[in-house]
Amino acid sequence: MESALSLSTARMLARSPFQLHGRSLFGLLNIYPQFRRNINYYLPRFPFKSHARHNLQVSASISARPSSELRKKPNNSEPDDKLAAIRELFVRPDINIDAYIIPSQDAHQSEFIAECYTRRAYISDFTGSAGTAVVTKDKAALWTDGRYFLQAEQQLSSSWILMRAGNLGVPTTSEWLNGILAPGSRVGIDPFLFSSDSADELKEAISQKNHQLVCVYDGNLVDEIWKESRPKPPNRLVRVHDLKYAGVDVSSKLSSLRSELSDADSSAIVISMLDEIAWLLNLRGSDIPHSPVMYAYLIVEIDGAKLFINDSKINPDVMDYLKNAGIEVRPYESILSEVESLAAKGACLWLDTSSVSVAIVNAFKSACDKYSDTSGNVNKNKKTAANGPVNKSRGPAAVYKSSPISFAKAIKNEAELEGMRNSHIRDAAAIAQFWAWLEEEIGNGAILTEVDVADKLLEFRSRQDGFLDTSFDTISGSGANGAIIHYKPEPNNCSIVDPEKLFLLDSGAQYIDGTTDITRTVHFGQPSSWEKECFTRVLQGHIALDQAIFPDNYPGFVLDSFARSSLWKIGLDYRHGTGHGVGAALNVHEGPQSISFRFGNMTPLLRGMVVSNEPGYYEEHAFGIRIENLLCVKEVQTPNRFGGVDYLGFEKLTFVPIQTKLCDLSLLSTTEIDWLNDYHKQVWEKVSPYVEGSAYQWLKDNTRPVVKP
């Protein structure tokens, strides 16, 4: 397989983790000011401005409906009790609000969060990873995206209105609040759970009706009603991520970051994204299910660094490691006081307002007001990536720019890529063992639930060297459940795996050296001609994206239509992006790159980035189809180089057979059949040495070449 990095690129990365082709990876943000932190192919955040929804306007002929109208379901009084309890808090003199917004995120804008922070799930009973709940004195509504419409219908009680975000006629949260609240109302938020940007957008949007945004600092209101039943915060030990997997040591990373601070006329930076902290410090944790990160903040200054974390998570070896790297440990809760101290010292603080909470940003702003320069003027200059040098006055100042770490982390060095390759081969061996077992069990008439299947897959994976955890909750969906894009089977609420229906399995793992994410759709019996056509068209889109060649520095949205074209030809589509970034032994969803129809993300795809390739098709209440591999962006040689630019393509990381029984070979071109046969040849050559017995035979049977009829 061709290396994803050229020799010259590898040498540059060896000199500095933030340099690519002689250009700072941080500096690339200056070329693309549109970059936004942690943008992926989903809609995990719900912007408050309507232009984020392609300027959809609320239609008088289309309105949201209560969940009770969407499906037959017995009334559940418990959510009403929770809503009544939280509404009682609204009228307290120290709170005094008319509405309260409950997002999905924790204080670090994480997609996956610890159980103690699942406040939106607690108040609404909707457990999908993306959504926003809004409670007023007499109404409650929940917004989620197309991946979760069916799940939300099933989980929300009749007390809730389901808002299908992005659909025609569905208002945004701010539009809805402006429409139902009396002018001059007070809308409350927990300022630790909203980024500064999202809070500013919300404040501006609701000001149209003279509503006031109220930051409720004295505790989260959901926590107050959750009380003793709320799970305890995680307190697991942190570990050092071995240099042979990280590729670059922490001192080199910190040195490069400090050079970027100096270039930006900054003296310090606040880092709140957990995967950025883990990557920068070569640390890993297990505070959050599926994500090897730890709850912490980090402040890096020109002459030092402070890690804000519960010190019970730091064993003596890790403490020595941090001391040797010049990193002090401070209590997690002291982040605001330290930010205020930076203002007192006259710091010029780099803040990424798309990820840092409004609580932190406001704390620094207030401290700046207090610690003004000698002339009595506070230096409040707001500098973006395109501006010139900041004001050189002695007062504290803020530099508002995108996090430089996000982009540097996205471009994997050779050690990280090698870990990803190796972990994917071990993962493929476990999956081959699993499929061999499952097909035999189904063939013998075994009755297995979707949970039984997911648990067995975990068992096979856990036997592999370096296995740590799943990288997300396994999506094991038989028949109609496969159409729920992020379906999670529960022991007391799941289906039997039906051999006469399509079965979709989307799963992934965290290994010590890499992160995997793979989806396969199979049929254990005889698929219908329609199922085969849909599957084949999804496969054609998968192949088209895999084979794509494109100019360097092109954003991912340019490629999204490659994966949809075959479906579009017969009027079909899917309601999710085609590809998300993936971390190296880190979060399975990472930004800033993506491949999506949401064309606002201008992040270029660059050599060393890892993305998923996962087109699909879903028929509600019938079946779901998705085919997913992970890819690494690599340089390719082309006969010409128009404009003198380099051209890029993809290297496959995932090697698991695609079920050919589901293919309508008459629809596939000769080139597409060649791709399928070549892929299966690679699967056999790479994975067969790691399996034996029935798994070996299964792999052999499922990688045989096919011939166009």
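This is a predicted model: local features need pLDDT of at least 70, side-chain atom pairs count only at pLDDT 80 or more; totals for chains, interfaces and linings use all residues.

How many helices and how many strands does the chain have? The chain has 21 helices and 32 strands, where helices (H or I, at least four residues) and strands (E, at least two) are DSSP runs numbered from the N terminus. Residues are numbered from 1 along each chain as its sequence is written, and side-chain values use heavy atoms, with hydrogens and water left out.

Of the 709 residues in the chain, 61% are buried, and buried means under 20% relative accessible area, with exposed over 50% and partly exposed in between (1.4 Å probe, protein chains only). If we take contacts, meaning heavy atoms within 4.5 Å, between residues at least 6 apart in sequence, then 73% of them join residues at least 24 apart.

Three strands form an open sheet in the order β19-β22-β23, with antiparallel pairing; two strands pair if DSSP finds at least two bridges between them. Because β19 (467-470) and β23 (514-515) stand at the edges with a single partner strand each, one side of each is left without a neighbour in the sheet. Helix α17 (residues 450-462) packs on this sheet and touches β19 and β22, its direction making about 160 degrees with that of β19. Such angles run from 0 to 180 degrees between N-to-C directions, and axes are lines fitted to C-alpha atoms, for helices over the stretch in contact. Between β19 and β22 (residues 509-511) there are 3 bridges, and Thr470 stands opposite Ala509 in β22.

A hairpin comes next. Strand β29 (residues 616-619) pairs with β30 in the antiparallel sense over 4 bridges, and Gly616 has Arg626 in β30 as its bridge partner. Between the strands of this hairpin there are 3 residues, and His621 takes a positive phi near 65 degrees. Along β30 (residues 623-626), Phe623 and Ile625 point one way and Gly624 and Arg626 the other, and all are buried.

For helix packing, the axes of α10 (residues 250-263) and α11 (residues 274-281) come within 7 Å and cross at roughly 115 degrees. The contact is made by Val250, Lys253, Leu254 and Leu257 of α10 together with Trp279, Leu280 and Leu281 of α11.

On a 1 Å grid over the protein atoms alone, a cavity is a set of points where a 1.4 Å probe fits but cannot get out, and a pocket is an open set with protein on both sides within 12 Å along at least five of seven lines, lining residues having an atom within 4 Å of a point. The second largest pocket is lined by 46 residues, and Ile113, Thr118, Thr127, Asp473 and Lys488 lie nearest its centre. Helix α4 (residues 119-124) gives the largest share of that lining, 4 residues. As for the second largest cavity, its lining consists of Trp435, Glu439, Arg520, Val522, Pro657, Ile658, Gln659, Trp698 and Asn702, and the elements giving two or more residues to it are α16 (414-443) and β24 (518-523).
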